Amino acid sequence: MNIRLSVIVPAYNEGENLENAVTKLVQLLEKECTDFEVIIVDSDSKDKTWDVAEELIKRYQKVRAIRQKKRKGFGNGLREGYANARLDYVWYVDADLP
């Protein structure tokens, strides 16, 4: 199937969960999509979320991250992610993979 998918991962204090979530997402998307991108949107977390996001960017070519300094929060994170999505379809996943 020809699927080009942007996946938004809103995150706030998800330093413990983010690496696992993004790694699993990338593995799935590599199998199922023609093209994909993962967009981490960090709402200025107080833990190591941003540090983890930067490491994931280095590890995976198709991962990007945005750090919100203003207009933080889940809803604004989604808006920011949708505004920066580049592909045909957009989906979001919580960083703790509920």
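A salt bridge is taken here as a side-chain nitrogen of Lys or Arg within 4 Å of a carboxyl oxygen of Asp or Glu. The model under analysis is predicted. By this criterion, the structure holds 11 salt bridges. In one of these, D35 is paired with R4, and the closest N and O atoms are 4.0 Å apart. Because D35 belongs to strand 2 and R4 to strand 1, this pair ties together parts that lie 31 residues apart in sequence. D35 has a relative accessible area of 22% and is therefore partly exposed; R4, at 28%, is likewise classed as partly exposed.

A further salt bridge is formed by the side chains of E37 and R64, with an N to O distance of 2.9 Å. This pair links distant parts of the chain, since E37 is located in strand 2 and R64 in strand 3 (residues 63–67), 27 residues apart. Both E37 and R64 are buried. Within helix 2, E55 and K58 are three residues apart, about one turn of the helix, and they form a salt bridge whose closest N and O atoms are separated by 3.5 Å. E55 is partly exposed, at 43% relative accessible area, whereas K58 reaches 65% and counts as exposed. Salt bridges also link D42, D44, K46, R67, K69 and K72 in a network.

D44, a member of that network, is placed in the loop between strand 2 and helix 2. Its relative accessible area is 11%, so D44 is buried. The phi angle of D44 is near 55°, a positive value in a residue other than glycine. N13, which is not a glycine either, has a positive phi of about 55°. Most residues other than glycine have a negative phi. N13 is situated in the loop between strand 1 (4–11) and helix 1 (18–32), and its relative accessibility of 34% makes it partly exposed.

The loop between strand 2 (35–42) and helix 2 also contains S43, which is buried at 7% relative accessibility. The side chains of S43 and Q68 are joined by a polar contact of 2.7 Å. T49, in helix 2, has a relative accessible area of 0% and is buried. A polar atom of the T49 side chain lies 2.9 Å from the backbone nitrogen of G15. V52 is another residue of helix 2; with 18% relative accessibility, V52 is buried. The C-alpha atoms of V52 and E16 are 8.8 Å apart in space, while the two residues are 36 residues apart in sequence.

Two surface patches are described next. A patch of negative charge is formed on the surface by E16, D47, D51 and E54. Of these residues, D51 is placed in helix 2 (residues 49–59) and is partly exposed, with 40% relative accessibility. A nonpolar surface patch of about 370 Å² consists of F74, Y82, V90 and Y92. At least two residues of the nonpolar patch come from each of helix 3 (74–84) and strand 4 (89–92). Y92 is located in strand 4 and is partly exposed, at 35% relative accessibility.

Note on methods: Residues numbered from 1 in each chain as written. Predicted model: local features only at pLDDT ≥ 70, side-chain atom pairs only at ≥ 80, totals over all residues. Heavy atoms only, no water. Patch = residues over 30% accessible without salt bridge, like charges linked within 9 Å, V, L, I, M, F, W, Y side chains within 5 Å. Areas by Shrake-Rupley, 256 points an atom, 1.4 Å probe, with all protein chains shown as cover. Lys, Arg positive; Asp, Glu negative; His and termini not counted. Charge placed at Lys NZ, Arg CZ, Asp CG, Glu CD. Helix = DSSP H or I, 4+ residues; strand = E, 2+ residues; numbered from the N terminus. Buried < 20%, exposed > 50% of the residue type's maximum accessible area, 1.4 Å probe, protein only. Polar contact = N/O pair within 3.5 Å; in protein donor to acceptor, adjacent residues only side chain to side chain.
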